[in-house]
Amino acid sequence: MSAAAILSKPMRWAAGGWAFFIAENFILSENRTYLIENFGDDAYHYAYGTLSTAAMSSVFYGYFRKVKDAPPLLFKGPVPLGAKVASFMCLSLGLGMASQIPPKIQIPVEFVTNNSADENNTIATSAAAEAVVGPAPPTEEGGGGGWKVRCPFDFTDNKDTNSPVHGLERISRHPGLWSFGLLGLGSAFLVPSLPQRVWLAMPSM
């Protein structure tokens, strides 16, 4: 396969949107304390939500307008047996994990008061919450309430931080993300388009 095919526009769209999403989450998470101290809690979370929204918009725009069914194609006709076997293994494992950790669906914004902010901060500071909705802000006493951006899927619903680790969390701190990645990887084996395969496999990275 030529370098031109690997560096083609569909391939750049396939990897670029996901790379942007991963990079902005990593940079903002790693510099959370510095950014909040210098720009404030509200500015930090607005920036986090805005950049994540922009990144995911580029991910889905790229898929439907640039990536889906784009050449080069890895095979023509029926899906090879090896790809079917690999897909079955990944999808089975991913679906099995997903069946044990269905997230609660919630409105992506909420109005937080001083009392609810303390409770939400306790939940959000868990490792799983940081991976899904971003790091939780430190709450300050005496301030008023305000609107906060949050993930529409709550993977930390009904988790007791004082209870012993159980279930899939004994294997991974982020079983929901592993499930999502495995489902994408399993789907990737079934498509002939290389850019589309890269797009589907990126969450597993």
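Guide: Let us begin with a term: a crossing of two helices is left-handed if the near helix is turned anticlockwise from the far one by less than a right angle. The crossing of α2 and α4 is of this left-handed kind. Please bear in mind that the model before us is predicted.

Visitor: Why are α2 and α4 called roughly antiparallel?

Guide: Helix α2, residues 9-30, and helix α4, residues 41-67, pack at an angle of about 165°, and their axes are 8 Å apart. Angles over 145 degrees count as roughly antiparallel. The two helices therefore receive that description. In the contact of α2 with α4 there are 17 nonpolar, six polar and two charged residues.

Visitor: What makes α5 and α8 roughly antiparallel?

Guide: The angle between α5 and α8 is about 150°, with 8 Å between their axes. The limit is again 145 degrees, and the pair is therefore roughly antiparallel. The crossing of α5 and α8 is left-handed. Among the residues that make the contact are Leu91 and Met97 of α5, and Trp178 and Leu182 of α8. By class, the contact of α5 with α8 has 11 nonpolar residues, five polar ones and no charged ones.

Visitor: How do you know that the length of α8 is close to the expected one?

Guide: Helix α8 covers residues 175-188, which is 14 residues. From the first C-alpha to the last it reaches 20 Å, and the expected value at 1.5 Å a residue is 20 Å. The buried residues of α8 include Pro175, Gly176, Leu182 and Ala188. Those buried residues pack against α5 (81-100) and α9 (194-201).

Visitor: What makes Gln106 buried?

Guide: The relative accessible area of Gln106 is 12%, and the cut-off for buried is under 20%. Gln106 is therefore buried. This residue lies in the loop between β1 (104-105) and β2 (109-112). Its C-alpha atom is 7.7 Å from that of Cys151, although Gln106 and Cys151 are 45 residues apart along the chain.

Visitor: Is Asp69 buried or exposed, and how do you know?

Guide: Its relative accessibility is 56%, and exposed means over 50%. Asp69 therefore counts as exposed. Asp69 also has a positive phi of about 65°, although it is not a glycine. Its place is in the loop between α4 and α5. The loop between α4 and α5 also holds Pro72, which is joined to Pro71 by a cis peptide bond with omega of about 5°.

Visitor: How many helices and strands are there in the whole chain, and how much of the chain is buried?

Guide: The chain has nine helices and four strands. From the N terminus, the elements run α-α-α-α-α-β-β-α-α-β-β-α-α. Of its 205 residues, 33% count as buried. Among contacts with a separation of 6 or more, 78% involve residues 24 or more positions apart.

Note on methods. Residues numbered from 1 in each chain as written. Predicted model: local features only at pLDDT ≥ 70, side-chain atom pairs only at ≥ 80, totals over all residues. Heavy atoms only, no water. Axes fitted to C-alpha atoms, helices over the stretch in contact; angles between N-to-C directions. Parallel < 35°, antiparallel > 145°, perpendicular 65-115°, else oblique. Nonpolar A, V, L, I, M, F, W, Y, C, P; charged D, E, K, R; others polar. Expected span 1.5 Å × (residues − 1). Buried < 20%, exposed > 50% of the residue type's maximum accessible area, 1.4 Å probe, protein only. Contact = heavy atoms within 4.5 Å.
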